[in-house]
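Subject: Structure for your review

Dear colleague,

Please find below the sequence and the structure that I am handing over to you. My findings follow them.

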Amino acid sequence: MFVEPWETEAGPVELAAVAQAADRLGFVYVACCDHVAIPRRLAGPMGATWYDPVSTLGYLAALTTRTRLLSHVAVAPLRHPLLSAKQYATLDRLSGGRLVLGVGAGHVQEEFETLGVDFHRRGEILTETITALDAALTDEYPVHEGPRFPFRDLAVSPRPVQSPRPPIWVGGSAPAAVRRAAAQAEGWLSQGDTLETLPAQLELIRTTRERAGREGGFVVNAIAPPLYVGEPGWEIGRRSVSGKPDALAELLRKYVAVGVTHLQLRPRSRDLAEYLAQLELIATDVLPLV
């Protein structure tokens, strides 16, 4: 549902062009999702091509200077946390400290079964994995007692640039995922929440953080409807929103009003040139009004 027809044939050239435009225009982050393998039954609705986030964000790191690099989301239960810590600490080092580690539980059962991971226990595996990642990204000789992934007296280096470690954001909109983000992470990646459902989620985050004794800032990401600045002159779909910059800004301000700190923005487009033009209009004409 998030792919334009032209994007199905896009590759490294298009990825580079979009990331460099986002970097130049001041967008906070670019993101890459994570799937190891897609079963045949889902290849139609999901597509079979999913770029590896570590490789892709590493490639984009070399082509950009300031935009942050977000895994949205790494399916962390599929991998030992020391392996993930090694990969993402290296990415943070090579990018000059621009990693945001987004993690989630995953949803493709065959992917878990083929890799030998219990799909039905993926939530509790993720909970432990985040604790282990916290240790491995914070200390060169981390200690984690388990039960699944105990380790100690092992150096994990190179170390990330960010101190005490890169931020961890957790994706998912089920209550367990929201509570996990609030209790263990520095941010939450909403999956499909609307302006109507976000207030209840933010209240769950507030109460969970209060009970867990967690203080400090917390990032709330939401996905805005697809946007088109101006009059498209073509069918952009009933869930998309088009119009003048001030009207689009008014919509985005509603997310700010309920407590959202970061918005994921998707311009509708028929080709790369239109995508880049819309990205620039959003950055220069819409966002200054939000």
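Contact here means heavy atoms within 4.5 Å. The model is predicted, so to read it please note that local features need pLDDT of at least 70, side-chain atom pairs count only at pLDDT 80 or more, and totals for chains, interfaces and linings use all residues. Residues are numbered from 1 along each chain as its sequence is written, and side-chain values use heavy atoms, with hydrogens and water left out.

Helices (H or I, at least four residues) and strands (E, at least two) are DSSP runs, numbered from the N terminus. Gly102 belongs to strand S4, which covers residues 99-104. With a relative accessibility of 0%, Gly102 is buried; buried means under 20% relative accessible area, exposed over 50%, and partly exposed in between, using a 1.4 Å probe and protein chains only. Apart from residues up to four places away in sequence, Gly102 touches Leu70, Ser71, Val73, Ala74, Trp169 and Leu189. Leu15 is 87 residues from Gly102 along the chain, and their C-alpha atoms are separated by 19 Å.

The largest nonpolar core holds 62 residues, and Leu101, Val103 and Trp188 have the most contacts inside it. Such a core is a set of buried Ala, Val, Leu, Ile, Met, Phe, Trp, Tyr and Cys residues joined through side-chain atoms within 4.5 Å. Helix H6 (residues 122-138) gives the most to this core, namely six residues.

Helix packing

Two packed helices are described by the angle between their axes and the distance between the axes. The axes are lines fitted to C-alpha atoms, for helices over the stretch in contact, and the angles run from 0 to 180 degrees between N-to-C directions.

How do H4 and H6 pack? Their angle is about 45 degrees and their axes are 9 Å apart. That makes H4 oblique to H6; angles under 35 degrees count as roughly parallel, over 145 as roughly antiparallel, 65 to 115 as roughly perpendicular, and the rest as oblique. In this contact, Pro81, Leu82, Ser84, Ala85 and Ala89 of H4 meet Thr129, Ala132, Leu133, Ala136 and Leu137 of H6. By class, the contact of H4 with H6 has eight nonpolar, two polar and no charged residues. For these classes, Ala, Val, Leu, Ile, Met, Phe, Trp, Tyr, Cys and Pro count as nonpolar, Asp, Glu, Lys and Arg as charged, and the others, Gly among them, as polar.

Helices H1 (residues 12-25) and H10 (residues 272-286) pack at an angle of about 15 degrees, and their axes are 10 Å apart. H1 and H10 are therefore roughly parallel to each other. On the H1 side, Glu14, Ala17, Val18, Ala21, Ala22, Arg24 and Leu25 meet Leu272, Tyr275, Leu276, Leu279, Glu280 and Ala283 of H10. The residues of this contact comprise ten nonpolar, no polar and three charged.

Helix H7 (residues 175-184) has Ala177, Val178, Arg180, Ala181, Ala182 and Gln184 as its buried residues. Their cover includes H6, strand S5 (168-171), strand S6 (187-189) and helix H8 (198-212).

Individual residues

Arg68 lies in strand S2, residues 68-71. Its relative accessible area of 24% makes Arg68 partly exposed. Arg68 and Tyr29 are 39 residues apart in sequence, yet 4.3 Å apart in space, C-alpha to C-alpha. Beyond residues up to four places away in sequence, Arg68 touches Val28, Tyr29, Val30, Gly97, Arg98, Leu99, Val100, Gln162 and Pro167.

Pro77 sits in the loop between strand S3 (74-75) and helix H4 (81-94). At 3% relative accessibility, Pro77 is buried. Leaving aside neighbours within four places in sequence, Pro77 is in contact with Gly104, Ala105, Phe112, Val117, Arg122, Ile125 and Leu126.

Backbone features

One joins His72 and Val73, with omega about -10 degrees, and Val73 is in the loop between S2 and S3. Another runs from Ser163 to Pro164, with omega near 5 degrees; Pro164 is in the loop between H6 and S5. The loop between H6 and S5 also holds Asp153. Phi of Asp153 is near 60 degrees, a positive value in a residue other than glycine. With a relative accessible area of 64%, Asp153 is exposed.

With kind regards
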